[in-house]
Amino acid sequence: MQIQEQMKQGVHIQHPLEPLTSEEITKAVAILREKQNVSSTARFAQVVLQEPLKEVVLNYQAGDPIDREAFIIILDNATEKTYEAVVSITNEEVVSWEHIPDVQPGFMLDEFEECERAVKNNPEYQAALLKRGVTNPDLVMIDPWSAGYFNVEEDEGKRVARALAWVRKFPNDNGYAYPLTGLIAVVDLNKMEVMRIEDYAVKPLPPLDGNYTPETADSIELRKDLKPLEIIQPEGPGFEVDGHHIRWQKWDFRFSFTPREGLVLHTIGYEDKGKIRPILYRASLAEMVVPYAEASDMHNRQNAFDAGEYGMGQLANSLTLGCDCLGEIRYFDAVMTDSRGNIKTIPNAICLHEEDYGVAWKHTDWRTEEVEVRRSRRLVISFFATVANYDYGFFWSFYQDGTMEMEVKLTGMLNTGALDEGEKPKYGTMIAPQLNAPFHQHFFNFRLDTQLDGTNNSVVEINTVPETRGEHNPYHNAFHIEAKTFKTEQEAQRIMDLASQRTWKIINPNSLNAVGQPVGYKIMPGENCLPFAYDDSSLIKRAGFIKNHLHVTKFDRDEMYASGKYPNQHKGGDGLTKYAQANRNIENEDIVVWYTMGHHHITRPEDWPVMPTAYINFQLKPVGFFDRNPALDLPRPTPKSCHTKAGSSCQH
């Protein structure tokens, strides 16, 4: 049964990390407009909670007074200036107002729609469409792509988008089947004017459609043998929710949602021996970069920073029971603003539910023929976002044995380009006649503000090595591990190594387990890759962090994003690469672990017209954090015991 959970507005704020309510956002915007005399040409790029200092949060006791502040980014289209403000909602005053020179905030959804109108209404663009046989601009799809930074003199100092286009044959058609390759409109988003038309060549439209719904694709005959699969919890879900505070199976954490990061987790802990032991203070998506492999004029500048340039949170979907989520679901809305400071609510943006996850642990004693089995379940909190053609799901899972997991699900539509008849693509795959899907990669960087049994932590690299030859290794089969604790930020820029089964363990050297070892959590990588761009490329200058899978930095509350605060059109050299240049001490300090995982997409015909979901993940697994298996206390499955003789039936 579906359980609707609306974010209550105007309720008493119970914790310093509770996200801003719609009433608080409205109040913060009004205070800033009045006190700072904000122009009518100003856009609100972001209005979020100004998170209190870490020590304030960690020392908070129920009932303590809470000061509420909003952090606001303003872009004034008329003056083309960007400002940052902190507004005290509690005291109804502007705490700070600062002009931030030479930066561009990320795109706002309103700009997408306005950009499309500006392009379609441009006479030169309309003439370019006619040259391609397109007579109805209403059927043209405009995707505003970030311009990046490629030292184009005409673009310097301007807020620029590069508008790529496709065309539909009818309103519900899949336009990505018909790319208008060779045609790009470069738009000044402050003035909402087309600066220039880049017309490289007229490519013919591919001959086949790419429709995928029963209403638009006659060739799709739906399967008739799919039987109902129902997930029921007669006694309701096992989690407890109080505002944005969640408790489940010894896990205890908070969550929030921002326009840039999307889902954010806070103060994650696990109950052990009667107390909640902290593990992470904050966990979030710190950047997402999608570089394309094409060298052609049409595609060679496609290096999207989907979080920093577009905002994964503002692009979140409204989820639907039975489609996006199954079972006993608790939904939460996401509350933010549009670019004019008006409240924008995404209903059901966040999904919370439990899942069965097979066998938690099992052993058969072959001597006594006794079998003990325990079922595993996990708690999943997630959201989905659509960035033009691509769809991304972000799923944080919590397991009963103390493991955490982040899994990204990649689906949606390939970015496409047209081919001349007989042309064979070098940097992509022909997925349909005369339709090219360029190769590309997806890099996800996650910021993990660690807090294992306290704020002072370290990171250890562990490599497995073969034992040396000699009498001590008579059959030449022995191996052991070598461990090194990182002392500085420069030491802690590392890549994976399959040959040594390299892993990284976060430890607290001040907290020892039952056998006298520092308590720890290990990063368990899943799929990964490295970039192919050269160091002098625009991509690596702006996203140098993707060259390493691991970074560790000393905590600084202003260092939140792997690409820096303002990656849009930034020349490079900011963000995580810059943070680590300080080479601060990170041993037994308040540290942040940054993990980057990459999906290497060599496109294939089976990805068209909609991609089957690809999965990429990493886990945080306890290693010496507990004295023994923390899931030993799981009850035997019901209704009948799974304490059986081997070979007998095990009923559930």
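Leu222 counts as exposed because its relative accessibility is 52%; exposed means over 50% relative accessible area, buried under 20%, and partly exposed in between (1.4 Å probe, protein chains only). Leu222 sits in the loop between strand E8 (193-199) and strand E9 (240-242). Helices (H or I, at least four residues) and strands (E, at least two) are DSSP runs, numbered from the N terminus. Together with Tyr212, Ile220 and Val610, Leu222 makes a nonpolar surface patch of about 330 Å². Patches are made of residues with over 30% relative accessible area and no salt bridge, with like charges joined within 9 Å and nonpolar side chains (Val, Leu, Ile, Met, Phe, Trp, Tyr) within 5 Å. Accessible areas come from the Shrake-Rupley method with a 1.4 Å probe, and for residues only the protein chains shown count as cover.

The model is predicted: local features need pLDDT of at least 70, side-chain atom pairs count only at pLDDT 80 or more, and totals for chains, interfaces and linings use all residues. Residues are numbered from 1 along each chain as its sequence is written, and side-chain values use heavy atoms, with hydrogens and water left out.

## Helix H1

Asn37 follows H1 and has a positive phi, near 55 degrees.

The buried residues of H1 are Ser22, Glu24, Ile25, Ala28, Val29, Ile31 and Leu32. Those buried residues pack against several strands, including E1 (42-49), E4 (93-100) and E16 (343-365); contact means heavy atoms within 4.5 Å.

## Cysteines

One disulfide is found in a search of the whole structure, a disulfide being a pair of cysteine sulfur atoms within 2.5 Å. Cys325 and Cys351 form a disulfide, with their sulfur atoms 2.5 Å apart. The pair links distant parts of the chain, 26 residues apart: Cys325 is in the loop between helix H5 (306-310) and E15, and Cys351 is in strand E16. Cys325 is buried at 3% relative accessibility, and Cys351 is buried at 0%.

Cys323 is exposed, with a relative accessible area of 64%, whereas Cys529 is buried at 12%.

## Salt bridges

The count comes to 42 salt bridges, each a side-chain nitrogen of Lys or Arg within 4 Å of a carboxyl oxygen of Asp or Glu. Arg542 and Glu309 meet in one, at 2.9 Å from N to O. This pair links distant parts of the chain, 233 residues apart, with Arg542 in helix H6 (residues 538-542) and Glu309 in helix H5. Both Arg542 and Glu309 are buried.

Arg196 and Glu198 form another salt bridge, with their closest N and O atoms 3.2 Å apart, and both residues are buried. Arg196 and Glu198 also belong to a network of salt bridges with Glu154, Asp155 and Arg162.

## Backbone geometry

Most residues other than glycine have a negative phi, and most peptide bonds are trans. Gln249 has a positive phi of about 45 degrees, and Lys250 one of about 75 degrees. The peptide bond from Trp608 to Pro609 is cis, with omega near 5 degrees.
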